Amino acid sequence: MEPLEFAKAVSFSFEKEVNYSDNAIVSKTVLKKKTGNVSLFAFDKGQELSEHSAPFDALVQIIDGEGTILIDKKPYVLGKGESIVMPANIPHA
């Protein structure tokens with residue numbers, strides 16, 4: 001069974017921690033807390049998350065490739081190394 005979150009005090013690289021899967025989204029939980037979670041996702045080309053909102057700000061960091069982030073229906077195209085904060089209670093996808 002895989003642990004619920006990444007081990008503490010162990011060095012890791014996000015880029016090496018998750019692999020792409022054909023026609024799928026793969027996710028791993030880095031940290032899971034009452035105040036919010038940190039998750040790592042690998043999206044195959046054409047995959048997307050449905051629009052939703054969260055009760056706290058969310059951070060997206062692009063590790064590889066590029067993606068379009070929608071915040072309140074406005075698109076933001078991000079590439080490798082770029083990040084964006086999605087505000088709490090605002091729909092995003």
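**Salt bridges and a nonpolar core in a predicted model**

Biologist: Is lysine 73 buried or exposed?
Modeller: In this predicted model, lysine 73 has a relative accessibility of 62%. The cut-off for this class is over 50%, so lysine 73 counts as exposed.

Biologist: Which residue meets lysine 73 in a salt bridge?
Modeller: The two side chains come to 3.2 Å, N to O, and form a salt bridge. The pair links distant parts of the chain, with lysine 73 in the loop between strand 4 and strand 5 and its partner in the loop between strand 2 and strand 3, 22 residues apart. That partner, partly exposed at 40% relative accessibility, is glutamate 51.

Biologist: How many residues apart in sequence are the parts that glutamate 5 and lysine 33 tie together?
Modeller: The side chains of glutamate 5 and lysine 33 meet in a salt bridge at 3.7 Å, N to O. Because glutamate 5 lies in the segment before helix 1 and lysine 33 in strand 1, the parts they tie together are separated in sequence by 28 residues.

Biologist: Which residues are linked with Glu5 in a network of salt bridges?
Modeller: Glutamate 5, which counts as buried at 19% relative accessibility, also meets lysine 8 in a salt bridge of 2.1 Å, N to O. The residues linked with Glu5 in the network are therefore Lys8 and Lys33.

Biologist: How many residues make up the largest nonpolar core?
Modeller: Among its members are Ala58, Ile69 and Ile84, and strand 3, strand 4 and strand 6 each supply at least two residues of this core. In all, the residues of the largest nonpolar core number eight.

Terms used: Residues are numbered from 1 along each chain as its sequence is written. This is a predicted model: local features need pLDDT of at least 70, side-chain atom pairs count only at pLDDT 80 or more; totals for chains, interfaces and linings use all residues. Side-chain values use heavy atoms; hydrogens and water are left out. A nonpolar core is a set of buried Ala, Val, Leu, Ile, Met, Phe, Trp, Tyr and Cys residues joined through side-chain atoms within 4.5 Å. Buried means under 20% relative accessible area, exposed over 50%, partly exposed in between (1.4 Å probe, protein chains only). Helices (H or I, at least four residues) and strands (E, at least two) are DSSP runs, numbered from the N terminus. A salt bridge is a side-chain nitrogen of Lys or Arg within 4 Å of a carboxyl oxygen of Asp or Glu.
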